[in-house]
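I opened this chain to look up a few strands, helices and surface features. My notes follow the order in which I looked.

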Amino acid sequence: MGRVFTVNVNESLFDVLVQHIFSEYEREKIPEIKIILPCKRDVIALLSAFKNYRTIILPEIVSLENIDEEDLILNLDRVKVINPKKRTLLLIQFILEWNKKHNDSFPIDLVYNLPSLLQYTQIVDCYQLDEHSKKMENFINLLIKTWSNTLKNLGLIDILKHKSDYINNMIASLQKDQHMIFIGIGKEEIYKLLIKAVYDLPFGKIILPNLNLKIKEKDWQSLDKKHYQYCLKDLLDYLKVNRRDVSFLPEACSPVPRHSDPENLTLNECTRWLYNRNWIPVSSTGMTSSTTQITCKLKCSYTKNQRSGMTGSPELDYVFDTTADLSKVSNGYIGNIEVITCDSREEEAQVTSLIIENEGYENVSLFVFDKLLAVRMVCPISENYPYVTLLLYSIEILNSKWNGVALLSLLKHSLVTFGYAQEEYTRILSEFEIEVLRSFDVNGLKDIINAISTCKKLRYKEDILIIISRLETIFNLLLNLTNYPIFDIAAAHLQCVNVLSNVNFLELNGEIGNFTRDFLNACDGIAIECSLELYSQILILFLKRKFFSPENNFDKFSLYQNKVVILAGFNDIPNFQNPFLSALNREKFNLPSVQEEQGYFLYTLRNLFGAGKVYITRLVSDRKSILLRRLEVLLQEPKYPYRNWLRILNTPECIVPCTQPMPKPKTEVRQAKMQVISCSAIEKLIRNPYSFYAEYILGLKQLRDLNFKPSILEFGTMVHNILARYLRNKKLPMSIAREVFSTSQFNFSNMWWVRLQRIIQSFVEFDRTRNNQVELEKSFSYPIFHIPARDTQLSGFCTTSTKNKGVIPVLDYLDPENLIANEHTRQLCNKSWSDTRMTEEILLTARCDRVEYLPGGQVAIIDYKLGSPPSNEEVMSGFFPQLILQALAVEYTTKKEVSELAYWKLDYDKIKVIALKDYREKMHEFQNILPDFLSNYLRDTTPFIASPYFDKFLRFNSYKQLERIGEWL
């Protein structure tokens, strides 16, 4: 039997291994040693460690990752292994064929869960299965059978099968006198067989990294499967090795100089000297056999008694060992780990980029756990980003039917210029975005071309039409290939990308060039006839796996660590749940359970924490996991230097102070714009004069969102139109609703249609109970006589304080809580009305949703609301005066008294009537105050103050960006 060791995984690991080899083996024996490491980068790191000792005598070093690589190279003419990308495409083809035949809907990303099943034979139904489990079993059995036949027909072998056969042959060919060292652990069964075979050799050695020897024996025997040491316990049990029999490889130490006399060394120095006896052979020291025996006993005693203090950072083991009580840990802290809590993913991405830039890209190992953060992180750290995004954008524009966001993303791509100079091209695109995409409702290429043709403001109309025409020509090749083999579509897509960017992707060097060539070659011969949408899904699947993978190969255990490790977006361990690989299927195929996967993840994480410096970034909004809470108990006080540096970098050198905007346009401009004014405009003038100024004086309109989706506002407008058409003819309300809904310029989803049907049904039933004559959307008006601005005297200002917000000027007749008429102004206005020569007229216009003429000669005004209507208190405060102003206009126009003001809340199941109370007094108040209120805003000395009530009405404010509220509020 061989021996089992453990070793700390840290920066000196490979030096420890080299010194152990030199100490245990004679130099002439070293070339006969075979060392097996987990990954290729571990092999490189160990070779570098040997190089540091300036030796040309090397053992044979291989990795599990490519253990069969040499055999494949030597037998290229005999053994042909299937390309990994082609294997993935063939498995996708199987999933699609299964879905089509069984009317199923397995997603194509299921493909990455299938390779682990391909090396098995068909399973036998040995359980009482439910319908879903039975379907899974049929799927797996058919997969295994189909895959075997596919490989046979292609004359290929699966890479996993070849590796398994190679390891089995290696095990069978092992010689009893062979010196082998296996370092690491293996998840798959075949790796366990190899470890067992090495251990069974007389000169075999197994080195298990970071075995925790401090766990109490009773706790060790009852370890949970998701404990970070369970994978080691399971392996030791498999080898039938007691944990007490595991020896520890101590930290690397300097070799003893040849002139040192071992007899003059202290016991500890002698022990260390013996450990490094490759530098001074024992035979040359003159030591007797008894001296050697005593020293060997000291060495064994040292390993046994000091074992518990030689397993690396004990604090880290306490953190990961959930059986340990952290309250009993005294005077210990972890100095190499820092947890950085960020406010947003954007800050997290910037902090991570700053760490990489400061530490040096070559010195950092980055692991990203959050998918959104992984995509965000690719931009600043990958030279492949422009090429990858062009592949994505160029297919997204077609699948989105020329959506504005997709179109601009492609046109603004750094590789796309259509031969224009950058400055001119930027001007063309800016005009196209503002005057066309953000000003017209466009849905598809035809709408875009029509909008360009009809827009009269375009200075670059010809250039824009040329660019759109060239895009259409480039993509026609792809559009004509629907339901063609995937190879034809991929080739056409690459041709489009090459023309767009003037770059041949197949001739690029580096990762993106290799990916493009491999992907196109893998598509050749694949019988997937796909639409552009399916092709896009497959391409995105490959691109994400290669360039945007959030796990970033974290599932590969490696002994090698960079100086700095970053765990970005880390909060908790993944759950590893998979609806396809149920617990029953995992058991049948002898695959690790979910709990074992979690334990293996924690074990790998523990090894990563041995790096010189570890940064963990997380969001403040995420709940802390048990692991992070245990870790922070033993961390030093966080200093957050990178967050501080980031804030300094993001702080501009010069900050220009911004005050609350108070524009004062000329009187002539005000008079021209305010001769006719609507109820909603006056409501806006009361709440936020600056919004009124921006919209009605300057005529500014908010640009449409490029990724616009209809909201309750657009839905409400549609409902109003449907109700108006129904009330005019009282016929077939659902037919009217269906026609308006289907022809709407907005792409309403089916969810809106379901809601619309219920609202219309409720409205029709309620309307039948109101047997009154109805006026629909009729315009009413009310003249407001005011004193001309040139004839008025400044009535003054008062200063109104708002709690914790400072002091702002507010007109003295307008209290922020309710509108109270200024008695002097009211009398002055009343007096002025008696002399029409001194007054001018502003016409207040009102359009009412519904005006009912009641039998008693009175009228009722109804306002439809799909959202929450304002309360009676809010209306009486004067800040929501729309119905009050409508009442003034209706009474003036019809000469009839308004006896009811009400909101009809249009709900799913019923119409809720919310009638206003005590509105008559408020009507008189507005009647008295409006002349003075408007005359003041006609004077050029009255400012249009931005948000005078601060954040009270921000939800109604469409001009917050112009007000720069965040800089002064």
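I began with a strand pair: in β11, Val-564 is the bridge partner of Val-364. The model is predicted, so I kept its limits in mind: local features need pLDDT of at least 70, side-chain atom pairs count only at pLDDT 80 or more, and totals for chains, interfaces and linings use all residues. Residues are numbered from 1 along each chain as its sequence is written, and side-chain values use heavy atoms, with hydrogens and water left out.

**Entry: β8 and β11.** I noted that strand β8 covers residues 364-368 and strand β11 residues 564-568. The two run parallel and are joined by 5 bridges; strands pair if DSSP finds at least two bridges between them. Helices (H or I, at least four residues) and strands (E, at least two) are DSSP runs, numbered from the N terminus. I then checked burial, where buried means under 20% relative accessible area, exposed over 50%, and partly exposed in between (1.4 Å probe, protein chains only). In β8, 5 of the 5 residues are buried, so the strand is largely enclosed by the rest of the structure. Val-364, Leu-366 and Val-368 point one way, Ser-365 and Phe-367 the other. In a regular strand the side chains alternate between the two faces of the sheet.

**Entry: β20 and its partners.** I found 6 of the 7 residues of β20 (residues 859-865) buried. β20 is joined to β19 (residues 850-853) by 4 bridges, and the two run antiparallel. Arg-850 stands opposite Ile-862 in this pair. β19 and β20 form a hairpin with 5 residues between them, and Gly-857 in the turn has a positive phi of about 85 degrees. To β21 (residues 898-906), β20 is joined by 7 bridges, this time in parallel. There I saw Ala-860 opposite Glu-900.

**Entry: α18.** Which residues of helix α18 (residues 445-454) are buried? I listed Leu-445, Ile-448, Ala-451 and Ile-452. They cover an arc of only 125 degrees around the axis, which puts them on the same side of α18; the arc is that of the directions from the helix axis to the C-beta atoms. These buried residues pack against α16 (404-411), α17 (422-437) and α19 (461-479), where contact means heavy atoms within 4.5 Å. The face turned away from the buried side carries exposed Lys-446 and Thr-454.

**Entry: Gln-598.** I located Gln-598 in helix α24 (residues 594-608). Gln-598 is buried, with a relative accessible area of 12%. Leaving aside neighbours within four places in sequence, I found Gln-598 in contact with Lys-226, Ile-573, Pro-574, Asn-575 and Phe-576.

**Entry: Leu-962.** I placed Leu-962 in helix α37 (residues 960-963). Leu-962 is partly exposed, at a relative accessible area of 36%.

**Entry: the whole chain.** I counted 38 helices and 22 strands. Of the 969 residues, 50% count as buried. Among contacts with a separation of 6 or more, 76% are between residues 24 or more positions apart. The accessible surface comes to about 48800 Å², of which 50% belongs to carbon and sulfur atoms; accessible areas come from the Shrake-Rupley method with a 1.4 Å probe, and for residues only the protein chains shown count as cover.
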